[in-house]
Amino acid sequence: MDDKANGVVEAADDEDLSTTAPNPRPNVWKMPEPVFQKTSGRLPERFETKFFAESETQESPKPVGTSDPNPIPQVEQPVKSATLRIVLVLLGVAAMIGFLILFLTILYFFFLR
């Protein structure tokens with residue numbers, strides 16, 4: 001019987017069959033050449049008056065009778081007392097001295113004893 005008629009095809013040599021996909025050439029990115037344009041660095045005449053005047057006229061005025069949805073509350077400044085300031089400074093200095101004493105005591109008992 002004929003092998004082709006039975007659906008059996010004889011395998012070719014291993015050299016002829018290539019099961020790996022071909023490796024395409026890597027596309028190497030190359031930075032384009034810079035384009036230098038010479039400018040004076042100045043704005044055209046009447047640029048500010050033309051464009052800023054247009055932006056000011058485009059703002060719509062607030063309708064009368066509407067209130068601000070997020071009003072800013074008025075915060076009163078606390079009264080600063082010289083006595084309170086002195087007491088807080090003395091408490092801060094005392095806390096720093098206490099921390100220094102505690103730190104040196106721990107240092108002494110762990111490392112110098």
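Here is a short chat about the predicted model shown above.

Visitor: Hi! What kind of model is this, and how many helices and strands does the chain have?
Guide: Hello! This is a predicted model. The chain has two helices and zero strands.

Visitor: How much of the chain counts as buried?
Guide: Of its 113 residues, 0% count as buried.

Visitor: Let's switch to helix 2. Which residues does helix 2 cover?
Guide: Helix 2 runs over residues 82-112.

Visitor: What span should helix 2 have, and how far apart are its ends?
Guide: At 1.5 Å a residue, its 31 residues should span 45 Å. The end C-alpha atoms are 44 Å apart, which agrees with that expectation.

Visitor: Which residue caps the N-terminal end of helix 2?
Guide: That's Ser81, with a side-chain oxygen 3.4 Å from the backbone nitrogen of Thr83.

Visitor: New topic: which residues form the nonpolar patch on the surface?
Guide: The patch is made of Phe99, Leu100, Leu102, Phe103, Leu104, Ile106, Leu107, Tyr108, Phe109, Phe110, Phe111 and Leu112. Together they have about 1,400 Å² of accessible area.

Visitor: Take Ile106 from that list. Why does Ile106 count as partly exposed?
Guide: Because its relative accessibility is 42%, and partly exposed covers the range between the 20% limit for buried and the 50% limit for exposed. Ile106 lies in helix 2.

Visitor: How many aromatic pairs does the structure hold?
Guide: The structure holds one aromatic pair. Its partners are Tyr108 and Phe109, arranged edge-to-face at 5.4 Å centre to centre, with 70° between the planes.

Visitor: Nice. What is the relative accessibility of Tyr108, and of Phe109?
Guide: Tyr108 is at 43%, so it counts as partly exposed. Phe109 is at 46% and also counts as partly exposed.

Terms used: Residues numbered from 1 in each chain as written. Predicted model: local features only at pLDDT ≥ 70, side-chain atom pairs only at ≥ 80, totals over all residues. Heavy atoms only, no water. Helix = DSSP H or I, 4+ residues; strand = E, 2+ residues; numbered from the N terminus. Buried < 20%, exposed > 50% of the residue type's maximum accessible area, 1.4 Å probe, protein only. Patch = residues over 30% accessible without salt bridge, like charges linked within 9 Å, V, L, I, M, F, W, Y side chains within 5 Å. Areas by Shrake-Rupley, 256 points an atom, 1.4 Å probe, with all protein chains shown as cover. Salt bridge = Lys/Arg side-chain N within 4 Å of Asp/Glu carboxyl O. Phe/Tyr/Trp six-rings, centres within 6.5 Å; stacked < 30°, edge-to-face > 60°. Expected span 1.5 Å × (residues − 1). Polar contact = N/O pair within 3.5 Å; in protein donor to acceptor, adjacent residues only side chain to side chain.
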